[in-house]
Amino acid sequence: MPHLWKNKIWVATKEELVPACYRTYSNLSNELWRYKDKNYGIKRVQSGGNGRQLLVDFDSLSKKHQEILGDPRKIGHLLEQYYKVSKSTIDFYYDFQYDDGRYLLPETKDKYVINASVLYALLELKKDRTAERLSKGASIRGIDKSLLLEAKSYNELLQKQQKPTHNLPLSQRFYKTLRDFEEFGLISLVKDAKGSRKSNALKMTPETISLLNAMFAKQKSKPTPTKVAKQYEAFLSGYVKIVNTDTGLIFDPKEFKALSLSAITSYLSSWDSQIGTHAIRNGNRQKLNQKLIPYHSLQQAKYANSLLSIDDRQPPFEYQKGKRMWFYNAIDTGSEAFTCWVWGKSKEGIIIDFYRQLVRNYHEWNIPLPDGLECESSLNASFKDTFLKDGAMFQNVRIEANNARGKRIEAYFKPLRYELEKEREGWLARPFAQSEPNQISNEKKQIIPYDRLVEECLIDIVTWNNMEHSKIKGKTRWEVFLETQNPNVSATNYKEILPYLGYSSKTSCNAGIVKLQRTEWLLGDKGRICTGDSLIRLMKEIEAKNFDVYYLDDNSGNIFKAFVYVKGRYICEILPKPSYPRAIIERSPSDELARDLMSKYVATVQGYMRSQKNSIDNIVVIDNTPKTLNNKFQIASIGKYVPKQEPAKEVPIYDEELPLPRRGNNNNNWNSNMIV
C-alpha cells in the first residue's frame, strides 16, 4: 500500500510496483528514465541503494496503476470488512474428488474458493442488515437486491485492482445461487458434483469543520493551525478561493460563518482533527502509530510452533567498505528459538531460498510447519495469493506493511545485536544510539571477510538457541522448542507448497515406475504407495505419458517429497521404490515389509493384465475383401484351374509302408539314389 513520505507526498516502493504494475524491475527502470526530464509521466522521488528504498510518486502513476495499488486516501469497499478466506473452504475444494477420483482443476478450485468466500461475506452482510432494519422497525424487503449490487460493485473493484474476481451470476440467477449456498453450503457451487453493508457509522461533521480539516491536511506546504485560521478569514473576505479538486466545486464563503483564531487553532490541535489530518500530513508511520493508534498487549505463545515471526536484517558488520550482508531469519515466538536462517550479499532471491530452507528444516526435525506466520510486506506481498494465502503453507498469515512493532522478531534482534554480536570484531554502532555504551567509538572500522562473517553469524544463532529461555528457567530455547510443540498444529500442506517452492522436472511413467533424479519411484497418495484399484486408476491416467513432477530435497540433497501434476492438476504423490536384499538370510523385518509391499504393487498390475486378457473373446477374422478391381489383364500361357465335376475317390490306406523302388544299378553314389 502506498504511504506518505516526509509528510509531503504519497509514494510507492519498488516491491509494490513489481510485478503488480511492471513485469520486471528493468521495465520500471526504463519507464523512469524515459520520463525523468519531462513534465509528465512517472517520477522517481528517491533512488534505491545503500540501504535506501526506491520510491516513486504515487500521483505520477497512471490511473490504471493507481487502481491496482489502491489509493490509501480513499475508503474501501464494504465487503472488504466481511470477506475472508477460511481454511475449511480451501480444504473442501482442494480435497474434493469426483466419483471417478479426479481432483478439481487449479483454476476451478481457486474460483470456487473466491465465490464461496464472497457468498459467506454476503450472508454475513445480510444478517447485519436484517438485524439493523428490524431494530429500527423497518421492512427487510429488498435486502437480497442490495446484495446483488454489492457483489457486482465488489467485482468491479477487484478487476480494477487486478485481483482474482468471482464469477457469481449477476442476474436473476444470483438469488437462487445465494439461497442454494445458504441451504446446501460449499457443495452447491460445484458443477455436476455427482458426475452426472452494514455500513460503518460515520459521525456527521459540520461543513465548516470539513473545510478546516481539508485546508490543514491537503496543502503541500503543511500550514500551521494559525496560518489556516488566517487563510479561512481571507476566504470569508473573498481574497482566497478554495476548490474541491475531486468534484470541481468552488466553496461559497456565504455558506460559512466567521470563527475566532482560538476556535480554529484549538480544533485543529484536538485529537478529533489530528486523527484524520495527521494521517495525511505525517510521513513517519511509526511515529504516527505511536502518537495516535492504540496497540495490542499480546501474550507470548504458550506452545512452540503456534506462531512464526520472520524478517530480514543486516548484521552490523562490513565485508567490504560500505557493504553489509543480508540475513533472513525466522523465530518461533513460543520457544524464542531461531528455526530458519538464510543469507546473501543482497535481498534478491533470498526470500524463495528462505521458504525452501524452512520446509527442509521442519522436515528434518519431523515437525509440521507452524500454524501462524507474521511477516513484512516488501518481500512477501507477492506471495499472498499463492503459498502465503491462509490455509496453504500456514493456516493464519499476517503481512505487516511498514509496522515494525507488528512483528515479534524485531524485539529479539536487539538482544542479538547487543548481547552477542557486540562482542565480535568489526561491530558497527548505530549512528544515533541513545545509550552511551552503544554509541560510535573512536576505533577505526574493521572489514570482516565474508566467509568468516557468515560462520560467526551462524555461531551466534547456535549460541542463542542454547541460551536459557526467558520464562522457562532451566531449559534452553531449543529444548523448549522440541518439548512444547502445539498438539493442534495441522500437518504440512505440501500440495500447496511444492508448485511454488519445489523444483520442477519432466518425466514419465513406465510399468508403474517413475524415474526422477536417477532413482525409481512408485505411484501413491497421502504418503502411502497405492495398490489395488487406486493404483490402476492412476496408471490409466499417466502410464506411458509425460508429466511434471514438483519436488523438494532435504538438507542432504535427497528428495523427500514429490508430486505429479498434469496441466496444473494434482494427480498423485510418488514415493521411493522399496528395495530389499537378494539373499533371504540378510533380510530384516523391515525388508520383508518392503518385499510384501512391492509384491502387492506388482500383483495389482499382473492381476489387471490377466483380467483384461481373459475378457478378450476368441474370434476369427474372415476377410473377403477383393484384392483386384477386375480380371481384364491375363497372361495367355497361364492356364486357368477348372475344378472337375467327378466325385472324389477314396484312396486305400496300407498298414505297412512299402519300400521305395530302386533303379537299375547298385552304385553307392548319392546322385544315383535320388528319385527322378
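# Briefing: cavities, sheets and backbone features

Helix α16 gives the most to the lining of the largest cavity, with three residues. The structure is a predicted model. This briefing covers its cavities, an aromatic pair, strand pairing and some backbone details.

**The largest cavity**

- The volume of the largest cavity is about 50 Å³.
- Its lining consists of R313, P315, F327, N329, L416, E421, C457, D460 and I461.
- Both β6 (326-332) and α16 (450-465) supply at least two residues of this lining.
- By class, the lining of the largest cavity holds five nonpolar residues, one polar residue and three charged residues.

- A volume of about 30 Å³ is found for the second largest cavity.
- The residues that line the second largest cavity are G101, R102, Y103, R537, E541, R569, Y570 and I571.
- Strand β16 (569-576) and helix α19 (532-542) each supply at least two residues of this lining, and β16 gives the most, with three residues.
- Four charged, three nonpolar and one polar residue make up the lining of the second largest cavity.
- Domain 2 (78-189) and domain 5 (502-610) each contribute at least three residues to the lining of the second largest cavity.

**Aromatic pairs**

- There are 33 aromatic pairs in the structure.
- In one of them, the ring centres of Y319 and Y450 are 5.3 Å apart and the ring planes stand at 75 degrees; planes over 60 degrees apart count as edge-to-face, so this pair is edge-to-face.
- Y319 belongs to the loop between β5 (307-313) and β6, whereas Y450 belongs to helix α16, so the pair ties together parts that are 131 residues apart in sequence.

**The four-stranded open sheet**

- An open sheet is formed by four strands in the order β1-β2-β4-β3, with antiparallel pairing.
- Strands β1 (3-5) and β3 (44-46) are the edge strands, each of which pairs on one side only.
- From one strand to the next, the twist averages 50 degrees.
- Strand β1 runs antiparallel to β2 (residues 9-13), and three bridges join the two.
- W5 stands opposite I9, a residue of β2.
- In general, the side chains of a regular strand alternate between the two faces of the sheet.

**Pairing around strand β10**

- Six bridges link strand β10 (residues 503-510) to strand β14 (residues 546-553), and the two pair in the antiparallel sense.
- Y503 has Y551 in β14 as its bridge partner.
- Strand β10 also pairs with β11 in the antiparallel sense, over two bridges.
- For N510, the bridge partner in β11 is I513.
- The hairpin of β10 and β11 has two residues between the strands, and A511 in this hairpin takes a positive phi near 55 degrees.

**Other backbone details**

- V18 and P19 are joined by a cis peptide bond, with omega at about 5 degrees.
- The loop between α1 (14-17) and α2 (25-35) contains P19.
- R518 is not a glycine, yet R518 has a positive phi of about 65 degrees.
- The position of R518 is in the loop between β11 (513-516) and β12 (519-525).

Note on methods: Residues numbered from 1 in each chain as written. Predicted model: local features only at pLDDT ≥ 70, side-chain atom pairs only at ≥ 80, totals over all residues. Heavy atoms only, no water. Pairing = 2+ DSSP bridges. Axes fitted to C-alpha atoms, helices over the stretch in contact; angles between N-to-C directions. 1 Å grid on protein atoms, 1.4 Å probe; cavity = no way out; pocket = protein on both sides within 12 Å on 5 of 7 lines; lining within 4 Å. Points joined across faces, edges and corners; volume = space filled by probe spheres on them. Nonpolar A, V, L, I, M, F, W, Y, C, P; charged D, E, K, R; others polar. Domains from an automatic or database assignment. Phe/Tyr/Trp six-rings, centres within 6.5 Å; stacked < 30°, edge-to-face > 60°.
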